[in-house]
Amino acid sequence: AQAATLPASRSIAPVAESVQQQVRVEDKFAFATVKIRWSALKDQRLPVLSSPAVLTRASFPTNALKWIENPTGSGRRHELLALQDGVFNIEFDYQLQPGARGGESGFTLPTHGGLVNELALTLINLDVDISAPSAVSLETRANSGSNTVAKLILSPVNDAWIGWKPRSRDTKREKAVFYAELAQLY
């Protein structure tokens, strides 16, 4: 009954303007820093993080936003409640453990998509091929040492899969070496 009295702009599900993430996968864990820009209307709730991720740090204007943890059937979901109208910059860190799916290692992003979704991914001590079905753009940069570094632009979806598997052979990256056997008879 209350939703019917709200103006149409306040009853629309909120979406972040941008979600920028830096994820570092090291050993058996993924460590992430997320920056969100959100144009909020008072009393809107923005979902920001879901299980199985573990929130480790959060920074936001506490006079204008309230951090809420909601239990769900499969775990918990973190949301931000706008206490007033405004444009807010939110930053938080989380950790999660990658798993396996369809023959590749990876994880489902526990963050909720925004209008613009950027992901900088660094895989420490892994030389792998990265796959992301919901990626609009995937750019793998030259490896620094034995690390794989990539920049992804994702479509505005939730539950985006980021996966990797051992690098397939690329003959363009291999140095050509020729062998010859020479035998003479005197």
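Analyst: The account below turns to the cavity and then to the strands. The model is predicted, so that local features need pLDDT of at least 70 and side-chain atom pairs count only at pLDDT 80 or more, while totals for chains, interfaces and linings use all residues. Residues are numbered from 1 along each chain as its sequence is written, and side-chain values use heavy atoms, with hydrogens and water left out.

A search of the whole structure finds one cavity of 30 Å³ or more, and the largest cavity has a volume of about 80 Å³. Its lining holds 13 residues, of which Q21, L109, T111, N117 and L154 are the closest to the centre. Two or more lining residues come from each of β1 (18-26) and β10 (116-123). A cavity here is a set of points on a 1 Å grid over the protein atoms alone where a 1.4 Å probe fits but cannot get out, and lining residues have an atom within 4 Å of a point; the volume is the space filled by probe spheres set on the points, which are joined across faces, edges and corners. Strands are DSSP runs (E, at least two residues), numbered from the N terminus.

β1 and β10 run parallel and are joined by eight bridges, with V19 opposite N117 in β10; strands pair if DSSP finds at least two bridges between them. β10 is also joined to β13 (residues 148-154), antiparallel, by seven bridges, and L123 has T148 as its bridge partner in β13.

Notes
On a 1 Å grid over the protein atoms alone, a cavity is a set of points where a 1.4 Å probe fits but cannot get out, and a pocket is an open set with protein on both sides within 12 Å along at least five of seven lines; lining residues have an atom within 4 Å of a point. Helices (H or I, at least four residues) and strands (E, at least two) are DSSP runs, numbered from the N terminus.
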